[in-house]
Amino acid sequence: MKDSVAEEHLYLGFSHQYRDSIFPLHTSISLFLLSYCDCKLFKVFLVPTGEDVDDQFVTKNLLGDLEVHLISRCQLPVVVQSCCLPAVFVKDGKFCRAGLSVVLRHIIQKTYEANPSKKDVLELLGFKKTCLKACAEVSQWTRLCEISIPLAVEGFLTASPERCQTIPPDILQLERKLGEPVRVHNDDKIRRQKLQQQKADAKAAVPVLGKETTEEGKTVEMHEHPLPSLELSIAFSKLLVQEVSDAVNREAPHIRRTKTSDLPLLDHVFAEGLYFTLADLVLLPCIHQFLVSSKKQGKSLVNLPLISSWYRRVQEVPGVKKAAGKCNMELLQLPELMSAPEEQLQDFSSIPDELEEENEDSHFIGGPRPTMTKLMENGIEAKFSPHPCPSWTLDWTNLPSAVNPGEGKMSRDRALRKQQQLNNLVAAVTKLAKPGDVIVDFCSGGGHVGIVLAHMLPSCQVVLIENKELSLMRAKDRSDELGLNNIWFIQANLDYFNGTFNIGVALHACGVATDMVIEHCIKARAAFVVSPCCYGFIQNTVKFKYPRSHQFKEVLSYKEHMILCRFADQTAVQLPPERRLIGKQCMGLVDLDRAWAAEERNYSVQVISMEPESCSPKNNMFVGIPT
């Protein structure tokens, strides 16, 4: 086993114990994954939310074979204090990972790096290693697993007996997800194999049990229970590192000729589809607590046949029962459930589904002119404030090479445009910044903005927040080369940063991310300098509804606003000039709506075009200051 390069500390929240779990459930989930991976690479700390915690009581219960320490919130490293738990911090370093999905994925990666023979652990990250990688604001699935289900179960366990009579909507949402057809890589081949198996089963089916004589005269046993489905065979052959039988793999000619549209759909075996992934390990402690509580209250699970089947199936996965035993989780042995009669089933379609985004109008016909005309008739046109310092520029030739974006894998032209973009943002930030300010570079990527700011403003603390680990590691390498001491790195989704700061900055925050950054700044009463991007990706989410401002809401519907967003992306240099002009006007209108929404919350906001405008097709920039 390889030695760890630097000791990493894992900080987990602790509010209380209930039955065989530690709460919040994010902590129980983290401990369960550590046990499943048999990972002891981290020094684990529990961070109590209250003051009166019995050290001996906590550490000897529910923690498996892990050595766990107690630490108060005020004793945490300063950068960790700015994050929601769970969080991982490299001791004596500047790099923090925060949020459940980011931390769990890191535990898996570190376990595999320390012991490459644990390929089953790495497989938890799924196809292309993307399981729970997308942030909860844009991924319904990540939100359901990471946020909605844990909170729903915690609420169910603490609710009054009257409120416990109904199944939480998010649990029913999971039941519905488990009933949806599975889409996986190479599913065409698997669906053909399923069709072949179905035809073989139909041919072999007989009305009575017992023995049957084949055409060759051989006697075969007929069993009451059918053979495992193809999906089960494939799922568990992967878990047990076995090959699916040749009989399953070979396809008859008529099967190969079958149209894809005529192939049978695949059923769920595990939470994300056919294969056991991190999502199953996240959901298991939560669903376990819900089922235990439901059983104690004598509730029927007839409305949850798919969750019940999933719960039983997960227990068959090698290592799950052992990990549960380490964490003192007494897994239930549930009976097989058949779907209830229709009159007993809850009508899932009537359940209000907050996760379903309002995308029914996502396919638009026609151009933006009617919408723009409608706004003009109501006195609304794109407005751009004059640039405060259009000719200001950094002295790039005399800056250290690690500061220059051209040091990355960029062409000379692209590096020049990136410098021009940075000139605009850095000029605006330096006008706002004061010694001692905390400046947060949201969606920092490789750190082009944050590193320049940390170098130019040594009296300010700069924090880079980015969800992609590789991008943030490149930024850290550049910072180390420069010897910067006023910079922190946080790998997290925006929602997991809750620190105080004075200025928020983002260069080309994609789609809804622009609104997330502005919202973070408004809540912190911080100034912001933000350049939007990817207007075509804007859509209603759980937290953000469009249009944003009262003025726009009075004039435009959601569909009309989306038309502006789609055409705001029509600014590429290869497009005709007239089309680019319309795209720029649509960008201005979308951003005017955002600016007015911020002004409704006591901000002064300017929408400015970067100089020169050729520095980027997405050349708008907000400068917002609390009033």
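How many of the seven residues of strand 15 (residues 603-609) are buried? Five are, and the strand is mostly covered; buried denotes under 20% relative accessible area with a 1.4 Å probe, protein chains only. This is a predicted model, in which local features need pLDDT of at least 70, side-chain atom pairs count only at pLDDT 80 or more, and totals for chains, interfaces and linings use all residues. Residues are numbered from 1 along each chain as its sequence is written, and side-chain values use heavy atoms, with hydrogens and water left out.

**Overall composition**
- The protein chain holds 22 helices and 16 strands, taken as DSSP runs (helices H or I, at least four residues; strands E, at least two) and numbered from the N terminus.
- Of its 627 residues, 53% are buried.

- Twelve strands form an open sheet with mixed pairing, in the order 5-4-1-6-7-12-11-10-13-14-16-15; strands count as paired if DSSP finds at least two bridges between them.
- Strand 5 (68-70) and strand 15 stand at the edges with a single partner strand each, so one side of each has no neighbour in the sheet.
- Strand 15 pairs with strand 16 (residues 620-626) in the antiparallel sense over seven bridges, and Ile608 stands opposite Met621 in strand 16.
- Strand 10 (residues 438-442) and strand 11 (residues 461-466) run parallel and are joined by five bridges; Val440 has Val463 in strand 11 as its bridge partner.

**Enclosed helix**
- Helix 13 (residues 305-315) is largely enclosed by the rest of the structure, because ten of its eleven residues are buried.
- Among the buried residues of helix 13 are Trp310, Tyr311, Arg312 and Arg313.

Technical notes
Buried < 20%, exposed > 50% of the residue type's maximum accessible area, 1.4 Å probe, protein only.
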